[in-house]
Amino acid sequence: WLEENSNNRHSVVDGYMSNFGFGSGKPRAALISLVRNSELEGMMQSMRQLEYRWNRKYRYPWIFFNDEPFTEDFKAGTRNLTAAKCYYEVVPRGHWSLPDWIDESRFMNSLEYLGTIGVGKGWMVSYHHMCRWNSGFFYKHPFLKNYDWYWRVEPDVHYFCDIDYDVFRFMRDNNMKYGFNMNILDDARSFPSLWTRTRAFAAAHLGLIHPEADLGWLLDPQAGGEYNNCQFFSNFEIGSLNFWRGEGNEAYFNWLDKAGGFYYERFGDAPVHTLSVAMFVPKSEIWYFRDIGYQHDINHHCPPHREAKCSCQPTKMDENFYKLVPLESPQRKPADTCIRQFLGGE
Ligand code: GDP
Ligand code: MN
């Protein structure tokens with residue numbers, strides 16, 4: 001599998017990290033999910049597939065987060081699906097409420113605007129708390145203090161393929177910081193100031209930017225080097241918690257948060273994570289999990305060539321997908337374009 005994947009332009013430098021004493025002991029890692037009690041069925045669906053395809057072999061704990069306490073039903077339903085430990089954590093109030101520098105009536109006005117342009121769920125108050133939590137708070141939850149790695153799982157997603165290796169060991173032993181498997185385009189009208197704010201941040205914090213940072217794949221030459229709106233689809237992530245806890249990301253998150261973009265606009269955790277990773281992580285430490293078949297709503301990824309057993313058919317899936325999103329639709333092409341841009345024209 002590794003050899004197949006090392007076709008990746010950004011692949012691991014062979015043997016590089018094996019000299020550094022990595023690779024011993026089980027990584028301190030968990031499957032984490034922010035989820036509502038009402039999403040129990042969807043959560044069970046995601047868990048069943050991920051347990052069957054992967055976690056029954058590795059038994060990493062599940063940690064569920066919620067802005068209110070989990071019900072006994074939710075706990076019983078999920079616990080029943082895994083031999084691993086399950087933990088149920090409430091998000092601290094301060095991580096899920098309007099900061100005092102936010103003007104509430106301005107926030108209400110933007111909810112109305114976001115409702116009229118109909119982008120995602122931008123009209124919901126809770127959606128803004130959720131995006132902000134996923135951007136700047138999940139890795140600060142006290143329960144994650146003793147963890148280094150996470151795999152983000154959402155209710156109602158699908159995992160299509162057997163995964164026969166420990167993805168957390170893989171991340172650690174190859175010195176990876178961030179792993180993704182879809183790269184999509186979002187409607188930039190919901191985050192109009194994100195790019196100018198990010199540029200201003202970078203200009204004011206040049207010392208924090210990684211010397212090997214590569215933002216080239218996120219720039220649109222036709223638009224004078226503006227953000228092309230490509231983003232890692234963050235409902236699937238396998239990553240390092242310590243990366244998010246680092247100085248660069250913290251400074252960046254606080255910069256965005258102070259300006260209010262999580263409320264006055266819909267700064268999503270997907271573009272925010274993408275820009276942060278691009279500024280603070282060299283491409284060689286970002287991994288494309290092209291072997292992990294996955295679906296979230298109409299977006300899916302079915303590995304093109306694989307030894308692993310998958311329950312998705314790339315062509316059939318593609319046909320279904322094309323039915324939903326017509327061939328010529330601008331929504332379809334850019335999704336491919338973003339991956340190609342990232343891989344450097346592969
Ligand atoms: P989308 O993928 O952008 O459409 O956003 P989702 O509605 O799927 O939300 C992303 C994740 O956050 C999912 O795992 C949801 O279950 C979770 N989530 C969203 N809003 C809330 C909320 O108000 N409370 C809790 N506990 N979870 C939420
Ligand atoms: Mn979702």
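Does Cys230 count as buried or exposed, and at what relative accessibility? At 3% relative accessibility, Cys230 counts as buried, where buried means under 20% relative accessible area, exposed over 50%, and partly exposed in between, with a 1.4 Å probe and protein chains only. The structure is a predicted model, in which local features need pLDDT of at least 70 and side-chain atom pairs count only at pLDDT 80 or more, while totals for chains, interfaces and linings use all residues. Residues are numbered from 1 along each chain as its sequence is written, chains are lettered from A and ligands numbered from 1 in the order in which they are written, and side-chain values use heavy atoms, with hydrogens and water left out.

A search of the whole structure finds three disulfides, a disulfide being a pair of cysteine sulfur atoms within 2.5 Å. In general, such a link is a covalent bond between the sulfur atoms of two cysteines. With bonded cysteines counted along the chain, the pattern is 1-4, 2-6, 3-5.

One of the disulfides joins Cys230 to Cys338, with an S to S distance of 2.0 Å. The link of Cys230 and Cys338 is left-handed, with -85° about the S-S bond. Because Cys230 lies in strand 10 (residues 230-232) and Cys338 in helix 13 (residues 332-343), the pair ties together parts that are 108 residues apart in sequence. Helices (H or I, at least four residues) and strands (E, at least two) are DSSP runs, numbered from the N terminus. Cys338 has a relative accessible area of 0% and is therefore buried.

Cys161 and Cys310 form another disulfide, with sulfur atoms 2.1 Å apart. The torsion about the S-S bond of this pair is about 105°, so the disulfide is right-handed. Distant parts of the chain are linked here: Cys161 is in the loop between strand 5 and helix 6 (167-173), and Cys310 is in the loop between strand 14 (299-301) and helix 12 (314-324), 149 residues apart. Cys161 is buried, as is Cys310.

In the disulfide of Cys302 and Cys312, the sulfur atoms are 2.1 Å apart. Its torsion about the S-S bond is about 95°, so the disulfide is right-handed. Cys302 and Cys312 each lie in the loop between strand 14 and helix 12, so the pair ties together parts that are 10 residues apart in sequence. Both Cys302 and Cys312 are buried.

The manganese ion (ligand 2) is coordinated by Glu154 (OE) and His296 (NE2), at 2.0 to 2.2 Å. Glu154 is in the loop between strand 4 (149-152) and strand 5 (158-159), and His296 is in strand 13 (residues 294-296), 142 residues apart. Donors are N, O and S atoms within 2.8 Å of the metal (3.2 Å for Na, K and Ca); water is not among the atoms, so sites may look incomplete. His296 counts as buried because its relative accessibility is 14%.

For ligand 1, polar contacts are pairs of N or O atoms within 3.5 Å. An oxygen atom of ligand 1 is 2.7 Å from a polar backbone atom of Leu34, and a nitrogen atom of ligand 1 is 3.0 Å from a polar backbone atom of Val35. A nitrogen atom of ligand 1 is also 2.8 Å from an N or O atom in the side chain of Asn66.

Terms used:
Polar contact = N/O pair within 3.5 Å; in protein donor to acceptor, adjacent residues only side chain to side chain.
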